[in-house]
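Please look at the sequence and the model before reading the solutions.

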Amino acid sequence: QVQLVESGGGWVQAGGSLRLSCAASGLTFSNYIMGWFRQAPGKERTFVARIRSGGSLYYADSAKGRFAISRDNAKNTVYLQMNSLKPEDTAVYYCAAGLVPSMMTGAWDYWGQGTQVTVSS
């Protein structure tokens, strides 16, 4: 079975930083594009960032310049470094794995359980 397990969420003051991790198992990690999405209460789940196995990157406009996605294929882990956090970044952050590069939630094959990020002003 495929499992994606996020960690690293928590409470942080505006302007602070957090580093999220997602540990994958049950899949050939290097074959998959990995991504991060987020969902605030009452809002749709939206794309944040993705990374191909070879390292090519793509960010949502809201993340560009503040967030950095990376991966360690040897550890089957993808990361999201979040800097200069704003209250509007508050959401549950989800890790995802897929074979098609996309910003759409429906294109992704596997999802983690999510980790809460709360940014206070």
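Predicted model: local features only at pLDDT ≥ 70, side-chain atom pairs only at ≥ 80, totals over all residues.

**Exercise 1.** Determine how Phe37 and Phe47 are arranged as an aromatic pair, and which strands they join.

*Solution.* A search of the whole structure finds five aromatic pairs. One of them is formed by Phe37 and Phe47, whose ring centres lie 5.6 Å apart with 80° between the planes. Because planes over 60 degrees apart count as edge-to-face, this pair is edge-to-face. Phe37 belongs to strand β4 (residues 33-39) and Phe47 to strand β5 (residues 46-51), so the contact ties together parts that are 10 residues apart in sequence. Both Phe37 and Phe47 are buried.

**Exercise 2.** Classify the pair of Phe47 and Tyr58, and decide for each residue whether it is buried or partly exposed.

*Solution.* The rings of Phe47 and Tyr58 are 5.9 Å apart, centre to centre, and with 40° between their planes the pair is tilted. Since Phe47 lies in strand β5 and Tyr58 in strand β6 (residues 57-59), the pair ties together parts that are 11 residues apart in sequence. Phe47 has a relative accessible area of 7% and is therefore buried, whereas Tyr58, at 38% relative accessibility, counts as partly exposed.

**Exercise 3.** Identify the cluster that the ring pairs build, and find which arginine lies over the face of Tyr58 and which over that of Trp111.

*Solution.* Ring pairs link Phe37, Phe47, Tyr58, Trp108 and Trp111 into a cluster. Over the face of Tyr58 lies Arg50, at 4.5 Å from the ring centre, while Arg45 lies over the face of Trp111, at 4.8 Å from the ring centre.

Note on methods
Residues numbered from 1 in each chain as written. Heavy atoms only, no water. Phe/Tyr/Trp six-rings, centres within 6.5 Å; stacked < 30°, edge-to-face > 60°. Helix = DSSP H or I, 4+ residues; strand = E, 2+ residues; numbered from the N terminus. Buried < 20%, exposed > 50% of the residue type's maximum accessible area, 1.4 Å probe, protein only. Lys NZ or Arg CZ within 6 Å of the ring centre and 35° of its normal.
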